[in-house]
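Dear colleague,

I am passing the structure below to you, together with a written account of what was found in it. Please read the account beside the sequence and the coordinates.

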Amino acid sequence: MGSSQEEVTLLGASGSPFVCRVKIALKLKDVEYKYVEENLGNKSEQLLKYNPVHKKVPVLVHGEKPLAESLVIVEYIDETWNNNPILPSDPYQRALARFWSKFIDDKIVGASWKSVFTVDEKEREKNVAEAYESLQFLENEIKEKKFFGGEELGLVDIAAVYVAFWIPLIQEIAGLELLTSEKFPNLYRWGQEFVNHPIVKESLPPRDPVFGFFKGRYEGLFASK
């Protein structure tokens, strides 16, 4: 068995919501780690060695043992460091947290991203409709709760950092209204609460450079139309 005291390294890219999930989990657990910024246009030998399957970030390396995929990494962090639990102790609630986290990746991330970064208008409209439908499910799930698991940050909140920080950013770039206080009051309120949580605030990337990067990507996409 490896010790939780072994060296921890995170390979990441600062504008990635998936990397941000891992940063929040590590911060929540007060784990010291070394952060290595990857250039995804010119991937390092280290990244290719530690994640040969997907060749993507994030990758967590704990005592020379690498792990890929953000939700897998967050669960590993939760099981390795016992303070400030991320998943509920109750098996049913834990299963629900996993369900909603996977739902965010399967139903919200792709549809909302394609709502902005798709040139074909019909395809874009289809993705906007899918994103609305999926956000409505999250709206119904959060209800009046402070966080998805109750009073403390948990797995679903960490998984939904994309919803709280990245959706408002990309919808502004495209002039869309995917997540607004009028359409989704509970989810919008949760998002404000979440991004202003001290641990989350310290883990988020600076907004302006991320906004500038994706705005350039958006303008480049439509300039070539």
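Strands β3 (residues 59–62) and β4 (residues 65–68) run antiparallel to each other and are paired over four bridges. Pairing here requires at least two bridges found by DSSP between two strands; helices (H or I, at least four residues) and strands (E, at least two) are DSSP runs numbered from the N terminus. V61 has P66 of β4 opposite it. Two residues separate the strands of this hairpin, and G63 in the turn shows a positive phi of about 60°.

Please note that this is a predicted model, in which local features need pLDDT of at least 70 and side-chain atom pairs count only at pLDDT 80 or more, while totals for chains, interfaces and linings use all residues. Residues are numbered from 1 along each chain as its sequence is written, and side-chain values use heavy atoms, with hydrogens and water left out.

The loop between α2 (45–50) and β3 contains P58. A cis peptide bond, with omega of about 5°, joins V57 to P58. K55 is placed in the loop between α2 and β3 as well, and its phi is near 55°, a positive value in a residue other than glycine. For context, most residues other than glycine have a negative phi, and most peptide bonds are trans.

**Salt bridges**

In the whole structure, the search finds 12 salt bridges, each defined as a side-chain nitrogen of Lys or Arg within 4 Å of a carboxyl oxygen of Asp or Glu. One of them joins the side chains of K65 and E6 (3.7 Å, N to O). This pair links distant parts of the chain, with K65 in strand β4 and E6 in the segment before β1 (8–12), 59 residues apart.

**The two domains**

The chain divides into domain 1 (2–80) and domain 2 (91–223), with bounds taken from an automatic or database domain assignment. Their C-alpha centres are 22 Å apart. In domain 1, 15 residues are in contact with 22 residues of domain 2, contact meaning heavy atoms within 4.5 Å. The area buried between the domains is about 1,600 Å², and carbon and sulfur atoms give 73% of it; buried area is the accessible area (1.4 Å probe) that two parts lose on being put together, summed over both.

Three salt bridges are found across this interface. On the side of domain 1 that touches domain 2, α1 (17–28) and α3 (70–80) each supply at least two residues. The greatest share comes from α1, with nine residues.

A further salt bridge to inspect is that between the side chains of E75 and R98 (2.8 Å, N to O).

Yours sincerely
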